[in-house]
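Below is a set of questions and answers on one protein model. Please look over the sequence and structure before reading on.

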Amino acid sequence: MSEAAPITVACLDLAGTTVVDGDAVRTAFAEAIAALGIVSGTAAYDRALARFVDSRGTSKLGVFRSLFDEARAQAANLAFQRSYDDLIDRRGLEPVPGAADALLRIRAAGVRVCLFTGFGRNTQARIVDTLNWWDRVDLTLCPEDVPRDRPWPDLLLTAALRLGVDDVRHIAVCGDTANAMLSGRRSGASIVAGVLTGAHDRARLVAAGATHVLPSVAALPALILPAPVADTVTADHG
């Protein structure tokens, strides 16, 4: 990392970036729209699913608002939250391999960590609770905390304000979606790293402005920390 822009805050996404997603988010979305009568095998379902895939990384409520009127969007969002919570109960949650250690290493180097997401606040808190990660992060942000959702830069600029960043170039962003990459570039962050463990592939991440593409978040400490710190492996006993 250049001495001209040392990283002081790392903003990392949840599902697909630090948390294994699998098909949980997609399943919860399908169950949410099914509750409103949109089922697999219909043209309406195909359109809704295409919208969901394109909108990965943005507010789930925002996606539902693009599909339904406000009352139905709110109902779908509640159904999504219930479905996702139920999936956590039945399947549990797993961090992306190396994610828990990466958080420890980043914070041990004095870099503050913000976890951000397109989930609502309750779902985000449920994830952090389940993984017992509260002692690994300095701040959590979700769409409810900002005027505009991704791909606008508001989440990252809010993190900069709350964590007292002197210069937006001292922020590193790590996510698995095009919307996370766009948001990172618009915020002025010097590192906007895409990972290949989630929603979008390398080509889409690069097209959205990724400065780096990593196999997973496990490679982030080596990218953003000074070499002597990055080369020191901290055992994760969490």
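**Strands, buried residues and voids**

Strand β4 (residues 171-175) is mostly covered, with five of its five residues buried. Buried means under 20% relative accessible area, exposed over 50% and partly exposed in between, with a 1.4 Å probe and protein chains only. Helices (H or I, at least four residues) and strands (E, at least two) are DSSP runs, numbered from the N terminus.

This is a predicted model, in which local features need pLDDT of at least 70 and side-chain atom pairs count only at pLDDT 80 or more, while totals for chains, interfaces and linings use all residues. Residues are numbered from 1 along each chain as its sequence is written, and side-chain values use heavy atoms, with hydrogens and water left out.

Q: Which residues of β4 are buried on one side, and which on the other?
A: Both faces of β4 are covered. I171, V173 and G175 are buried on one side, and on the other A172 and C174.

Q: Which residue in β5 stands opposite A172?
A: Strands pair if DSSP finds at least two bridges between them. β4 and β5 run parallel and are joined by four bridges. In β5, the residue opposite A172 is I191.

Q: Over how many bridges do β1 and β4 pair?
A: A10 stands opposite A172 in β4. The pairing of β1 with β4 is parallel, and the number of bridges is four.

Q: Which residue in β2 stands opposite A10?
A: Strand β1 (residues 9-13) pairs with β2 in the parallel sense, over five bridges. Opposite A10, the residue in β2 is V113.

Q: Why is strand β2 largely enclosed by the rest of the structure?
A: β2 also runs parallel to strand β3 (residues 139-141), to which three bridges join it, and L115 stands opposite T140 in β3. Strand β2 (residues 112-116) is largely enclosed because the number of its five residues that are buried is four.

Q: Which residue has its backbone oxygen 2.8 Å from a polar atom of the side chain of T18?
A: T18 is in the loop between β1 and α1 (24-34), and at 1% relative accessibility T18 is buried. Leaving aside neighbours within four places in sequence, T18 is in contact (heavy atoms within 4.5 Å) with L12, D13, P95, V96, A99, W133 and V217. The backbone oxygen at 2.8 Å belongs to D13.

Q: Is H200 buried or exposed?
A: H200 lies in the loop between β5 (191-195) and α9 (202-207). Apart from neighbours within four places in sequence, H200 contacts V53, R56, D176, T177, A178, V195 and L205. Its relative accessible area is 5%, so H200 is buried.

Q: How far is the backbone oxygen of V53 from a polar atom of the side chain of H200?
A: V53 is among the residues in contact with H200. The distance from its backbone oxygen to a polar atom of the H200 side chain is 3.3 Å.

Q: With which side chain does the side chain of D154 make a polar contact?
A: D154 is in helix α7 (residues 154-162) and counts as buried at 9% relative accessibility. Neighbours within four places aside, D154 is in contact with V146, P147 and R148. A polar contact is a pair of N or O atoms within 3.5 Å; within protein, one must be able to donate a hydrogen and the other to accept it, and residues adjacent in sequence count only if both atoms are side-chain atoms. At 3.0 Å, the partner of the D154 side chain is that of R148.

Q: How much space lies in the largest cavity?
A: On a 1 Å grid over the protein atoms alone, a cavity is a set of points where a 1.4 Å probe fits but cannot get out, a pocket is an open set with protein on both sides within 12 Å along at least five of seven lines, and lining residues have an atom within 4 Å of a point. Grid points are joined across faces, edges and corners, and a volume is the space filled by probe spheres set on the points. The count comes to one cavity of 30 Å³ or more, with D13, R56, D176 and T177 among its lining residues. The space in the largest cavity is about 80 Å³.

Q: Which element gives the largest share of the lining of the largest pocket?
A: The largest pocket has a volume of about 210 Å³ and is lined by 14 residues. Two or more lining residues come from each of α3 (60-67), α4 (70-91) and α6 (121-131). The largest share, four residues, comes from α3.
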